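Subject: the structure, plus some notes

Hi,

Here is the structure I promised to pass on.

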Amino acid sequence: MLFAKSLLGALAVLVIALLARSRHFYIAGLVPLFPTFALIAHALVGQERGPAALRETALFGLCALLPYAAYLLAVYLLAPRLSLTYTLLGATLLWVVAAALLLAIWTRLHGA
């Protein structure tokens with residue numbers, strides 16, 4: 001199973017690299033959003049914890065789109081102003097802050 005997961009990851013990187021070089025380079029931004037890990041997480045949560053926990057996991061996944069959106073917005077806004085390194089570092093830092101905020105709010109609201 002570990003080998004299969006590694007192979008999927010390598011395949012995704014290959015597809016992203018090929019798309020980044022194509023005239024449809026923007027599609028490379030869609031590939032990482034394929035729900036490979038979500039499928040694994042949902043299957044495990046659904047088996048181990050049942051439908052109620054699966055629903056809560058899906059809801060949290062929807063909320064987890066907010067830090068990703070913050071990351072993308074930062075890349076969009078910083079790319080014309082900063083070097084690639086500083087753009088990605090800044091966007092990643094914003095993702096970390098947004099994710100920490102999401103976790104703090106989620107645990108407070110859901111009592112976990």
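Let me start with Ala 38, which is partly exposed, with a relative accessible area of 29%. For the wording: buried means under 20% relative accessible area, exposed means over 50%, and partly exposed is in between (1.4 Å probe, protein chains only). Ala 38 sits in helix 2, residues 36-49. Helices here are DSSP runs (H or I, at least four residues), numbered from the N terminus.

Before going on, two housekeeping points. This is a predicted model, so to speak of local features takes pLDDT of at least 70 and side-chain atom pairs count only at pLDDT 80 or more, while totals for chains, interfaces and linings use all residues. Residues are numbered from 1 along each chain as its sequence is written, and side-chain values use heavy atoms, with hydrogens and water left out.

Gly 61 also turns up where two helices meet: Gly 61, Leu 62 and Cys 63 of helix 3 touch Leu 65, Leu 66 and Pro 67 of helix 4. Contact means heavy atoms within 4.5 Å. Helix 3 covers residues 51-63 and helix 4 covers residues 65-78; they pack at about 20°, with axes 4 Å apart. Axes are lines fitted to C-alpha atoms, for helices over the stretch in contact, and angles run from 0 to 180 degrees between N-to-C directions. Helix 3 and helix 4 are therefore roughly parallel, a label for angles under 35 degrees.

Further along helix 4 is Tyr 71, partly exposed at 21% relative accessibility. Apart from neighbours within four places in sequence, Tyr 71 is in contact with Leu 88, Ala 91, Thr 92 and Trp 95. Its C-alpha atom lies 9.0 Å from that of Val 96, 25 residues away along the chain.

Now for helix 1. Leu 14 is in this helix, residues 2-21, and is partly exposed at 47% relative accessibility. Leu 18 is in helix 1 too, and at 52% counts as exposed. The C-alpha atoms of Leu 18 and Ala 28, 10 residues apart along the chain, are 8.3 Å from each other.

Cheers

How values were computed:
Parallel < 35°, antiparallel > 145°, perpendicular 65-115°, else oblique.
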